[in-house]
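Biologist: I'm new to this one. Can you show me the structure and walk me through it?

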Amino acid sequence: MPIWYGADYNPEQWPEDIWSEDVALMRSGSINLATVGVFSWARMEPRDGEYDFAWLDTVIDLLHAGGVRIDLATATASPPPWLTTAHPEVLPVTASGVRLSQGSRQHYCPSSPVYRAHAARLVGMLARRYGQHPALELWHVNNEYGSHLSRCYCDVSANAFRVWLRTKYSTIDALNLAWGTEFWSQQYGSLEEILPPRAAPTFTNPTQLLDFDRFSSDEFLACYQAEVVILRQTGGGVPVTTNFMGFFKPVDYWKWAREVDVVTDDSYPDPADPDSPVSAAMSRDLMRSLGGGAPWILMEQAPSAVNWRGRNAPKAPGQMRAWSYQALARGADGILFFQWRQSAAGAEQFHSGMVPHGGTDTRIWHEVEQLGAELAALSERVGEQAIVGARVGAGVAIVLDWDSWWALEQDAKPADLDYVQQIFAWYREFWDRGVAVEFVRASDELSMYGLVLVPSLFVATDEQLANLDGYARDGGTLLVTYQSAITDVNLRARMGGYLGVLQRTLGVWVEEFAPLVGRSDADKPPTIPVAGEVFGGKAVGTLWSEFVRVTNATVMAEFTADTLAGWPAVTQNAVGSGSAWYVATLPEPGALSALVGAVLADGGIEAEPAFGGERGVEVVRRGGLTFVINHCALAVAVELDGTDLLSGTPARDMQLVSQGVAIISDYTG
Ligand code: GAL
């Protein structure tokens with residue numbers, strides 16, 4: 001298999017005489033995979049039950065003749081106006097009771113039987129017509145489930161929610177107990193009384209909210225599965241995917257990842273945000289992790305600017321290429337874009353395309369052609385030197401949990417903490433050091449990792465905590481941060497100091513929270529002084545502090561001000577043959593770096609060699625190759641031996657310009 005290179009291709013937006021030109025251009029751009037039909041429902045089925053596939057036949061045959069493989073979309077993400085006109089109940093309703101309109105996209109209630117029946121009929125038609133087509137490489141189900149519209153509060157959804165709750169709880173007593181409805185007189189007499197968490201005077205029941213999050217993720221998943229069943233029956237045995245969106249809160253990708261044949265991701269980091277290389281890397285590591293380490297496909301990225309931010313920065317020269325190689329380095333076997341030809345009309349007319357409004361004598365097109373040619377050459381590598389199919393190992397794991405994400409960010413909590421920001425703060429330290437990271441569930445097998453980080457695992461089961469405990473006892477290095485194991489899966493507080501069995505593992509318990517409070521208009525988060533050898537002396541904590549009681553751990557750092565003065569900020573406990581750290585604040589970057597250095601050493605994990613002292617140089621190993629990507633504004637000198645595959649020159653002392661990439665084989669350190 002080659003490295004996939006391609007785009008969303010929307011020929012229905014263009015007159016037919018452009019289609020052949022498109023295919024010719026695709027050949028010169030080394031395009032080998034096109035995603036077709038993502039938003040074509042109205043074109044495929046112009047009236048209820050009347051289908052028009054002639055245009056699609058032509059498009060697919062043209063692509064096939066041009067050597068371009070097809071990722072065929074099921075087109076169900078944007079119901080046509082005739083459907084929502086005839087069945088307005090398909091349109092979703094917000095928590096405040098507003099029924100959203102057609103005229104945009106993703107305007108469907110995932111629980112709607114009418115929507116699902118019409119979608120299934122269309123998918124059946126597509127599967128029968130194209131399942132055996134020799135150009136078909138992949139089925140692309142719907143598009144970005146949960147995007148734009150992730151929760152529907154209509155009466156149909158209310159009913160579906162009740163069915164979901166009946167399956168989960170069996171009896172109303174069990175539900176009342178789980179939701180803690182004794183509080184504020186919320187006891188339900190029967191399921192019929194239950195509603196989605198619609199707009200209410202103040203805080204809604206937290207467990208109802210969490211169950212509605214779980215339910216909503218499951219409803220979209222059920223839509224996906226309903227299409228997949230049809231594709232598996234009549235879709236020609238072609239693999240099936242749906243495109244994920246990185247760290248996307250509304251749907252639990254751990255559950256979804258089991259249902260796709262290949263993980264695919266849409267990635268739109270902001271070129272104007274200096275953190276983008278790191279956050280993009282984190283998403284790519286998540287995609288690899290969701291697939292259990294298997295290669296994944298970057299299904300969409302922008303060739304340059306998007307159109308949906310307040311101000312849309314273009315990518316710098318070389319940045320599209322650098323970020324594409326980042327995905328490849330972190331396990332992608334395909335680099336695709338949204339979209340092939342920049343639209344002339346419609347809401348995305350100012351979103352960049354591989355073929356821009358300005359045509360092919362443009363920077364964007366030249367970069368597209370260059371990258372296509374490079375990837376085609378790299379595709380030919382085989383055996384131990386191959387990129388396609390090669391794995392990326394990791395010594396560090398970070399626990400990621402959607403229940404905790406949903407619960408931690410509810411309103412009625414001790415403080416408004418952003419779950420992914422917590423993870424990102426830690427992730428950045430590993431990125432800076434070239435230390436590979438994978439994401440895991442708390443229940444996963446962890447013994448292959450030298451270090452497991454557990455940031456704010458707010459919701460945890462006893463089994464998950466026992467697994468983390470066992471990991472540490474069996475020789476692992478475990479690091480747990482504040483707001484972990486605060487509740488069970490029903491959001492019932494863990495009595496006696498939180499943390500459950502981890503109290504013994506960590507040798508601490510938590511007496512009281514003290515989230516840091518700052519002026520609400522301040523740019524910087526509130527801080528608190530801390531001190532300890534592990535920070536290299538005096539340092540600063542941010543966002544959080546708390547009163548931690550030590551039963552059996554060594555205090556590695558303390559808070560040094562106000563009522564917290566003298567209370568532990570970081571502890572470490574020798575447990576079994578391993579080690580367990582507890583961190584009660586988010587140290588500022590310099591201090592966090594020192595702490596990460598200490599725990600990496602504790603976990604026996606070595607960092608990659610630094611590059612000219614520059615932060616912003618990314619180093620990743622995949623298979624037998626070492627990728628070096630310079631995200632800095634200035635050139636850096638490569639300090640590794642080996643040969644750069646892209647330039648064909650020796651790597652050592654090579655000057656890597658800003659946005660430059662080297663892929664070093666025969667690396668010797
Ligand atoms: C994605 C979506 C594409 C396109 C793109 C623009 O989220 O799947 O259809 O809208 O964003 O950035």
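Modeller: We'll take the ligand site, then the cavities. This is a predicted model: local features need pLDDT of at least 70, side-chain atom pairs count only at pLDDT 80 or more, and totals for chains, interfaces and linings use all residues. Residues are numbered from 1 along each chain as its sequence is written, and side-chain values use heavy atoms, with hydrogens and water left out.

Biologist: Which residues are around the ligand?

Modeller: F39, R105, N143, E144, D266, Y268, E300, W308, F338, E348 and H351.

Biologist: How far is the E348 side chain from a ligand oxygen?

Modeller: A polar side-chain atom of E348 is 2.3 Å from one. For E144, a side-chain N or O atom is 2.5 Å from a ligand oxygen. For N143 that distance is 2.8 Å.

Biologist: How much of the ligand does the protein bury?

Modeller: 95% of the 310 Å² that the ligand exposes alone. Those areas use the Shrake-Rupley method with a 1.4 Å probe.

Biologist: New topic. How many cavities of 30 Å³ or more are there?

Modeller: Three. A cavity is a set of points on a 1 Å grid over the protein atoms alone, where a 1.4 Å probe fits but cannot get out. Volume is the space filled by probe spheres set on the points.

Biologist: What's the volume of the largest cavity?

Modeller: About 60 Å³. Its lining residues (an atom within 4 Å of a point) are Y115, R116, A119, A120, C223, A226, E227 and I230.

Definitions and conventions: Near = heavy atom within 4 Å. Polar contact = N/O pair within 3.5 Å; in protein donor to acceptor, adjacent residues only side chain to side chain. 1 Å grid on protein atoms, 1.4 Å probe; cavity = no way out; pocket = protein on both sides within 12 Å on 5 of 7 lines; lining within 4 Å.
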